[in-house]
Amino acid sequence: MALCAGLLCAGSPALLGQSLKLDDPAPLRAGLNSATIDSFGGNQYWVLTVGPGKFTATFHFGGTQEGFNTGGRPNFFAGFKPKVDGTTLTHADFPGGSTWSGTATKASRLELAVTPAPGSLVRQTTSYTIEVTGAVAFGGAAGASAGPSPVGIYQIGIGGHVGIAKFTADGQITATTNETGTWKVFDEDSKSYVIVFAGTRYSLTYQPGRGFIDNNGYLTFKQTK
């Protein structure tokens, strides 16, 4: 399957983070890693180093946060890249999540993927967490991305404002409505941003593939593909 490119999908019942690029995954951190997957935003990808020894990657998902609950579940996959000889990797689903357990014979690069619930014509966004325990090393892996940048094009969803906004790499915002603003990182770990748009200051959280949300979970700037 095309979604398995770069992943060893042995034992998966079907066919990831927050990187949206298969060839540029984001580094996983110690403890719970929280994110939201959007069926309109595509797959999400993570990476870390495991071994030598045993490890377990646990995935939990919650209810629909926006759109419709299609009754489907997001999927979670793991694989070594490159493949490591003499290793084991097994998969098991449970209500509300799944696990991948394995043993690496040496320190190895493990890639993780989360795919949204099926149904490309109906939008469903689902929150999830990933935690990897055992013989693991955090702090990034070779070739790991720092995570997606908010630079891009957005539909404006703030009350009283309509149109399209462009976030540029220099921290500036311009819009088709001739309104302007600025954006900057407040806290990188939590993906918190300070956005000033049309003279109003907003404290928002960036969710790759979706856009910026406020404290009530409302999508204020919807990222376009």
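Analyst: Let's start with a term: helices (H or I, at least four residues) and strands (E, at least two) are DSSP runs, numbered from the N terminus. Keep in mind that this is a predicted model, where local features need pLDDT of at least 70, side-chain atom pairs count only at pLDDT 80 or more, and totals for chains, interfaces and linings use all residues. Residues are numbered from 1 along each chain as its sequence is written, and side-chain values use heavy atoms, with hydrogens and water left out.

User: How many helices and strands does the protein chain have?

Analyst: The count is zero helices and 16 strands.

User: Where is Ala198, and what is its phi?

Analyst: Ala198 is found in the loop between strand E13 (192–197) and strand E14 (200–207). Its phi is positive, about 55°, although Ala198 is not a glycine.

User: Is Ala198 buried, partly exposed or exposed?

Analyst: Buried means under 20% relative accessible area, exposed over 50%, and partly exposed in between (1.4 Å probe, protein chains only). At 35%, Ala198 is partly exposed. Asn178 also has a positive phi, about 75°, and it is exposed at 71%.

User: Which residues touch the most other members of the largest nonpolar core?

Analyst: A nonpolar core is a set of buried Ala, Val, Leu, Ile, Met, Phe, Trp, Tyr and Cys residues joined through side-chain atoms within 4.5 Å. Here the largest has 25 residues, with Phe76, Leu110, Leu112, Tyr128 and Ile130 touching the most other members. Strand E3 gives the most to this core, seven residues. Apart from it lies another core, of 16 residues, including Trp183 and Leu204.
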